[in-house]
Amino acid sequence: MKDTILIGVLCFAVAAVTVNGCKKQEGTIDNLKKAITGETTASAKYKACAKKAKEEKLDKIARLFEAASLAESIHAKKHTAVLEAAGAKMDPILPQFMVKSTKENLRNAIKGESHEIDSMYPEFIQKARDEKEDDSAFSFDYAFQVEKKHKELFTEALGALEKNEMKALPDTYLVCLVCGNTFGARIPDACEICGVPEKDFVAIK
């Protein structure tokens, strides 16, 4: 009888270690909150980077950062709407970031966009699909597609800055108010991500 009791206690202890020792897998609600925090922070950071670029007389790059800032705020609002529709609320966000030189800011922006493209959003999308959270999956996918555009635009801007070929950059950027898609020199008749017509884009100039 004593042996039986001892074995039971040991099994319980092992189970407790397994539960407490393993990281809990977060669900779509948690991922929405992470995405809202990330997009809100990116929006604020890009706005500050735009100000820095203006101080450095790099107006074309400033407009790119302003366009990206608007796009990220659109993503944050979309994610927030989905979160609230699910009956959850977002805690207040205090964005924390550092602003350096415009060249460094572009490199950091490319790094941040790459993280969202390579791991964050693909993982969030898959988790939402696994949990049958279609609205969340759509919202994540919109942002995912736009972040790829942002990485491309930031990479072009960094290349132009390093080569001192600023004339090659667009004078105006356009942002789709539905999904945040961002356009530079190549502007289609309609957004290739959400399908709204060009007349619904807002110009940053």
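Reader: What should I know about the model before we start?
Author: It's a predicted model, so local features need pLDDT of at least 70 and side-chain atom pairs count only at pLDDT 80 or more, while totals for chains, interfaces and linings use all residues. Residues are numbered from 1 along each chain as its sequence is written, and side-chain values use heavy atoms, with hydrogens and water left out.

Reader: What makes up the secondary structure, and what counts as a helix or strand?
Author: Helices are DSSP runs of H or I with at least four residues, and strands are runs of E with at least two, numbered from the N terminus. On that basis the protein has 5 helices and 3 strands, in the order α-α-α-α-α-β-β-β from the N terminus.

Reader: Why is Asn 105 called buried?
Author: Buried means under 20% relative accessible area, exposed over 50%, and partly exposed in between (1.4 Å probe, protein chains only). Asn 105 has 1% relative accessibility, so it counts as buried. This residue lies in helix α4. Across the 205 residues of the protein, 41% count as buried.

Reader: Which residues does Asn 105 touch, and what is a contact here?
Author: A contact means heavy atoms within 4.5 Å. Leaving out residues up to four places away in sequence, Asn 105 touches Cys 49, Lys 52, Phe 65, Met 98, Val 99 and Lys 100.

Reader: How do you know that β1 pairs with both β2 and β3?
Author: Two strands pair if DSSP finds at least two bridges between them. Strands β1 and β3 (residues 201-204) have 4 bridges in the antiparallel sense, and β1 and β2 (residues 182-183) have 2 bridges, also running antiparallel. So both pairs pass the test of at least two bridges. As for partners, Cys 176 is bridged to Phe 201 in β3, and Leu 174 to Phe 183 in β2.

Reader: What makes β2 and β3 edge strands?
Author: The open sheet of 3 strands has the order β2-β1-β3. β2 and β3 each have a single partner strand, so one side of each is left without a neighbour in the sheet. Helix α3 (residues 59-85) packs on the sheet and touches β1, β2 and β3, its direction making about 5 degrees with that of β1. For that angle, axes are lines fitted to C-alpha atoms, for helices over the stretch in contact, and angles run from 0 to 180 degrees between N-to-C directions.

Reader: How do you know that α5 has the span expected of a helix?
Author: The expected span is 1.5 Å times one less than the number of residues. Helix α5 (residues 134-162) has 29 residues and reaches 42 Å from its first C-alpha to its last, close to the 42 Å expected. Just after α5, Asn 164 takes a positive phi of about 55 degrees.

Reader: What makes a set of residues a nonpolar core, and which residues touch the most other members of the largest one?
Author: A nonpolar core is a set of buried Ala, Val, Leu, Ile, Met, Phe, Trp, Tyr and Cys residues joined through side-chain atoms within 4.5 Å. The largest has 28 residues, of which Tyr 46, Ile 61, Phe 65, Leu 106, Phe 154 and Leu 169 touch the most other members. Helix α3 gives the most to this core, with 8 residues. A second, separate core of 16 residues includes Leu 32, Ala 137, Phe 140 and Ala 143.
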